[in-house]
Each structure stands twice: as C-alpha cells, then as structure tokens.
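Me: I would like a close look at a single part of this chain, followed by how that part sits within the whole. Please keep the account plain and connected.

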Amino acid sequence: MSTSVTQRQSPFRTIAGTGVGNALEWYDWNVYATFAVFFSTRLFDETDQASALLQTLAVFAVGFVARPFGGFVFGWLADRIGRRHSLTVAVICASVGSAMIACAPTFDRVGWIASAVLLCARLVQGLAHGGELPSAQTYLSEHAPADQRGLWASSIYVTGTIGILLGMAMGLVLETTLTDAQMLAWGWRVPFAVGAIMGLFALWMRLHMDESEVFEQAQAREKTRENVFVSVARNWRLALKVIGMTCGLTVSYYVWSVTMPSLAQTSFGYAPADAFRATIVGNIVFIVALPVWGWISDKIGRKPSMLIALAGSAVLYLPLVYWIEANHSSFVLIAAICIQLVLLAGFLSHAPATYAEMFPTTQRASGFGIPYAIAIAAFGGTAAYIMTWMGDVEKFAIYSIVLLVISCATIFTLPETKGIELHDEHAGA
C-alpha cells in the first residue's frame, strides 16, 4: 500500500524529532511520581509524613487536571497553526516546569510558598503533557505509511518509556550512591535539573522538523476554520468513546509501569532498590513488545489487538497481585510487571495511530486530545491517590478491572481503521 503523503524528511528524522521531545516530556512527568517519597517532606510540612505524601500525590493529580486545558490549547495550536509549533512550545513548557521544581525553596524556609511553587510547576507540566501527546501522536501518524502506521506509532511509547526508564535509573543510582540525608537535602533535585537541561536539546530538534504535509494540504483546502469547541462538540460521540476506551488502559498502565516502584515498597514490602530494578526490567520488556504489537496491529487490526490487551490485563490483574503478595520474590515481581506490560503493549503500541484514525485532519489533535486528556486526568491522574486513600491493593484491583471492562465494551463499538488514508477527511469521521 502506498504512503499517504510524499515524505520531505527521512523516517529517522521524523521519529527522532518526535521521540526526543516525547522522551523528555515523559521523563519530566513521571520522575515526579518516582521521587515523590523523597521530596514530599521538603515541600510540605514534615511533621506529618503520611499527610505530606498524600498532599504530594494530590499535587500529582492536580497536574493531570491541567491536561485537558493543555489538550485544548495545544490542540488548537496544532490544528490551526501547525503540529511542529505545538510540539516546540510543549517541550519548552515541560522544561520550565522541571526547572521550577529543581529550584523550589523548601517548606521549612518559606512555608506554603514551597508548596505553591510545586503546584504551579505541575500545572505548567500538565499543560505541556496534555498537548505533547496528541500533537506528537498526530504528527507521527500523519507522516507514517498507511500500512505501517501501527509500527511507526509504537515509537511514541518506546521513546516515552525510555524517558521513564531514565528517571527510574537515575532514582536507582541516586538511591544507591547517596545517603538518606543527602537524598532528602538535595538529591531529589538532580533529576528535575537534568530534565530542564535536556530540554535544550529537545528544543533544537523540534525547531528543525518539517511540518506535516497532511496538515498543510488540509489547510490549503479549508476555506473556513471551525472553532475548536465546536469541533469537539460536534464529535461528542467520538469524544466519549475516546474516554471510554482509555479509562481502563490508563489506570492499569500507571499502576504497573509508573507507580510500581512506590507501590512495591509501601504495599508489598520490597526494598527500594529491588522495586526500582523490577520496574526497570519490566519497562525494558515493554519497549521490546511495543514494535511487535504495532506490527501485529497493522496485520490483524486495531480492535483485536486492543481487546486482547485489555481483556488479558483484566483477567490476570488480581491473580498477579495475589502472586506478588504470596511470594516476596524479586523474580515474581519482575514477572508480574512484565506480563501486564506485554499485554498493555497490545493497545499502547498502536494507540497513537488508532486515535488519529478516528478523526479528520482539521480536528485530529484537538478532537481526540481534549477527551484523551480528560480521561488521563480523571482516571490515570487520580490512580495513585485513590490507591493510597483506599489502602487496599485488592480493592483498587477491582476498581481497575471494572474500568478495563468498560474500555473493552467501548472498543466493541468502534469500526476497524487500520490502513485508512488520513488525507481522506471522511475515513475517520
């Protein structure tokens, strides 16, 4: 099958340009969850450590609240001004947020101002991440050959997971080389400072990317441009489907990939180093599985891949939790994480392509970006807080399974979209 557009830049340049900024966004976003246990008592009142951790996780959730606004702002920018411009501004905002956390004053020095700085930084990062994913997914999908779009799309989560791994590896290095006193005093600032510096390279890459030709062709055809809110409202059924198909995916993914280092320590009694190692191994396996599943989705379709992923995660969720609880073993923890992430890769690998295929070009970034950000904020952003509030891993597992079932039911209502041409404005509508 032919490509959807004539390419003006190489596949490597397209994937690298989106990938380096995407990795930085994920690094900046998820390093917060990884290091929350260390800086919670530095930026909140340390006299009540449990309360400080809950407040830190609440700010993590608040960052997710900003994501729908980021989806709107950057979705508008991507659909009206250009995908490349949206990606460039997003990476700048992410780096600024990290710099704010790295330089934040402590609670014992300035009181509530320290907490306010953290909150503002997370809101800035929330805006950036809410716009980064839909813009990057749209940009990459519009450059990919139609019959390889799932494979190309897998690079989004490959590079994103590399960003997560970089943060986890840094956590492992700092945890094993610094004393507890050093970690609490200044060690937690290091990963945020590194993220801010990395942003300069990502910015340079983004500034040298070509605009999506699919977008430019659509702009040339459009005589009038519909308001973003009108576009989303007109596609409200698709927006609800985006939320439904995403809610179970995001909760399961954030538990097994992002918050597992903290969860393994607080709920299963693992040492920090063992928890970090297990999650790092699981995410490496996840990276390997992503392009395989992306290729499979190009062959058998998006729907079968998504249903295998989410139904498998739901069925095995509780058995894997019981397995971890019954066997306090690093091997068991690694195996459980790997099983879940290999399954979830069946959806996440081609998710950028699938979402892009659901909407026409002039509404693609905002059309799915806004409801997608709402789903991430409402379900993924609150996952760590709800889990901590429940205080029961099994109850939270049931909550996750219910959401996975809802996602499966939503996917059954979707048409198969693999291989469609994105320049056909009626294909995804």
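Reply: Pro415 counts as exposed, with a relative accessibility of 58%, where the cut-off for that label is over 50%. The model is a predicted one. Pro415 lies in the segment that comes after helix H18, residues 393-412. Its C-alpha is 9.0 Å from that of Met358, although 57 residues separate Pro415 and Met358 in sequence.

The setting of the chain comes next. Its secondary structure amounts to 18 helices and 0 strands. Of its 429 residues, 61% are buried. Among contacts with a separation of 6 or more, 86% join residues 24 or more positions apart.

As for confidence, the chain has a mean pLDDT of 82, and 90% of its residues are at 70 or more. Residues 425-429 have pLDDT below 50, and the model gives this stretch 12 contacts beyond near neighbours in sequence. Residues 1-7 also stay under 50, with 20 contacts beyond four places in sequence.

Helix H17 covers residues 364-390. From first C-alpha to last, the 27 residues of H17 span 37 Å, close to the 39 Å expected at 1.5 Å a residue. H17 is largely enclosed by the rest of the structure, because 19 of its 27 residues are buried. Gly391 follows H17 and has a positive phi, near 70°.

The largest nonpolar core holds 84 residues, and the members that touch the most others are Tyr253, Trp256, Tyr317, Phe347 and Tyr355. Helix H11, residues 236-258, supplies the largest share of this core, with 11 residues. Apart from this core there is another of 21 residues, including Phe38, Phe44, Leu178 and Trp188.

Leaving aside residues up to four places away in sequence, Phe347 touches Met245, Leu249, Ser305, Met306, Ala309, Leu310, Tyr355 and Ile411. Phe347 has a relative accessible area of 0%, so it is buried. Tyr355, one of the residues Phe347 touches, is buried too, at 1%.

The aromatic side chains can be taken together. The structure has 10 aromatic pairs. In one of them, Tyr253 and Phe286 have ring centres 5.9 Å apart and planes at 40°, so the pair is tilted. Tyr253 belongs to helix H11 and Phe286 to helix H13 (residues 272-300), so that this pair links distant parts of the chain, 33 residues apart. Tyr253 and Phe286 are both buried. Phe347 and Tyr355 make another tilted pair, with 6.4 Å from centre to centre and 40° between the planes. Tyr253 and Phe286 also belong to one aromatic cluster with Trp26, Tyr157 and Tyr254.

Conventions:
Residues numbered from 1 in each chain as written. Predicted model: local features only at pLDDT ≥ 70, side-chain atom pairs only at ≥ 80, totals over all residues. Heavy atoms only, no water. pLDDT = per-residue confidence, 0-100. Contact = heavy atoms within 4.5 Å. Helix = DSSP H or I, 4+ residues; strand = E, 2+ residues; numbered from the N terminus. Expected span 1.5 Å × (residues − 1). Buried < 20%, exposed > 50% of the residue type's maximum accessible area, 1.4 Å probe, protein only. Core = buried A, V, L, I, M, F, W, Y, C linked by side-chain atoms within 4.5 Å. Phe/Tyr/Trp six-rings, centres within 6.5 Å; stacked < 30°, edge-to-face > 60°.
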